[in-house]
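Welcome, and thanks for taking a look at this model with us. Please have the sequence and the coordinates open as you read.

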Amino acid sequence: MRVLLIGANGYIGRFVADRLLADPAVQLTALGRGDDADVRFDLATGSPGALTRFLDAVHPGVVVNCAGATRGGARELTRHNTVAVATVCEALRRSGCGARLVQVGCSAEYGPSQPGSSTAEDAVPRPGGPYGVSKLAATELVLGAGLDAVVLRVFSPAGPGTPAGSPLGRLAEAMRRAMQSGDGELRLGGLGAQRDFIDVRDVARAVHAASLSAAQGVINIGSGRAVRLRDAAATLARVAGYGGALHELDGPPGALRPTIGHPRAESVGHRVDSLGHHRTDGLGHHRPDPLGHRGDRADAEHAPPAAHPYPDGCGSWQQADVRTARDRLGWRPRIGLEESLADIWMEAACRI
């Protein structure tokens, strides 16, 4: 089976490439903007005609698209997430290769959901930000192109390679700095949000399964279980061996909520670690970050609580209904969050 993989150097794309290369029946070609791609091509600026000629020459049976922008303004997101996918769809429509398209989407396309609910594929998408809008537009282009195509809506990926700027990556980095400097406590905000974390290696397995299947339409890829970020932080602390206290900044200004370790007396001169200015969503989207409040203790004490503690446009809760993936792809998640967090911590601990 000849597979053309677009975006092989991205967070998800790297693991998809590894998974496909491990299949002896797959002949893989990587297309992308980087020098290490087998074929260099920029979907955001290249013409559908040029891509069509390449498809006719290579004649892949499957095209997997993991490419796209995860940060930037609305114009950049639209160019890399929507226009680029339009180029892929038009090239496939023109080509005589008849390739199947596997498009990697994201849960930000759904937007906020009711706490306690599981979001199924028939939910009406209401993305809460430009990233989700640009990815939803790409999904609609794929579904309306008349192709043999499937869109995998990936929830919050985690595990090895997790970007340092993502919520879990920033937690690990803050913990590493605290342990390195001997700090006995961390003060963090935005830990009340609940997300459906799925290991990136399980995502790669889902892409592989979708490549081999005849399933079409939208399929959710998640764990099927929402986890509160503060619980993920507690697990990360246990994995890391961090015995300090985690003080949560959610709630009224000045309120402290110890959730890990033992509360300690506050001292004016005590060093406060933070998670910085910005964060990314589950797929790396760059956004203002209330997970950490930068500045000294007095600033943090009087900072107002964030209106959207996990500002990926998805509100306080996301949980996938993954029955379609089980029934149509024969796929189930295998890797638990603790293992994913252990891998995140291993990489963070190795940073200098």
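Which hand does the crossing of α2 and α3 have, left-handed or right-handed? The crossing of these two helices is right-handed. Please keep in mind that this is a predicted model.

## How α2 meets α3

The axes of α2 and α3 come within 8 Å and cross at roughly 50°. That angle makes α2 oblique to α3, since angles under 35 degrees count as roughly parallel and 65 to 115 as roughly perpendicular.

On the α2 side, the contact is made by Pro48, Gly49, Leu51, Thr52 and Leu55. Their partners in α3 are Thr87, Val88, Glu90, Ala91, Leu92 and Arg94.

## A closer look at α3

Helix α3 covers residues 74–94, and its 21 residues should span 30 Å at 1.5 Å a residue. The C-alpha atoms at its ends are 29 Å apart, which agrees with that expectation. Along the way, α3 bends by about 25° at His80.

His80 is also one of the buried residues of α3. Others in this helix include Leu77, Asn81, Thr82, Ala84, Val85 and Cys89. Thr87, Val88, Ala91 and Leu92 are buried, and these four also take part in the contact with α2. The cover over the buried residues of α3 includes the helices α2 (48–58) and α4 (130–143), together with the strands β1 (2–6), β4 (62–65) and β5 (100–106).

From α7, the residues involved are Ala232, Thr235, Leu236, Arg238, Val239 and Ala240. They meet Leu337, Glu338, Leu341, Ala342 and Trp345 of α10.

## Asp183 in its loop

Where does Asp183 sit? Asp183 lies in the loop between α5 (167–181) and β8 (185–188). Its relative accessibility is 8%, so Asp183 counts as buried, the cut-off being under 20%. The C-alpha atom of Asp183 is 9.4 Å from that of Ala245, a residue 62 positions away along the chain.

## The protein as a whole

Stepping back, the protein has 10 helices and 16 strands. Of its 352 residues, 56% are buried. Among contacts with a separation of 6 or more, 78% join residues 24 or more positions apart.

Definitions and conventions: Residues are numbered from 1 along each chain as its sequence is written. This is a predicted model: local features need pLDDT of at least 70, side-chain atom pairs count only at pLDDT 80 or more; totals for chains, interfaces and linings use all residues. Side-chain values use heavy atoms; hydrogens and water are left out. The expected span of a helix is 1.5 Å times one less than its number of residues. The bend at a residue is the angle between axes fitted to the seven residues ending there and the seven starting there. Buried means under 20% relative accessible area, exposed over 50%, partly exposed in between (1.4 Å probe, protein chains only). Contact means heavy atoms within 4.5 Å. Axes are lines fitted to C-alpha atoms, for helices over the stretch in contact, and angles run from 0 to 180 degrees between N-to-C directions. Angles under 35 degrees count as roughly parallel, over 145 as roughly antiparallel, 65 to 115 as roughly perpendicular and the rest as oblique. A crossing is left-handed if the near helix is turned anticlockwise from the far one by less than a right angle, and right-handed if clockwise.
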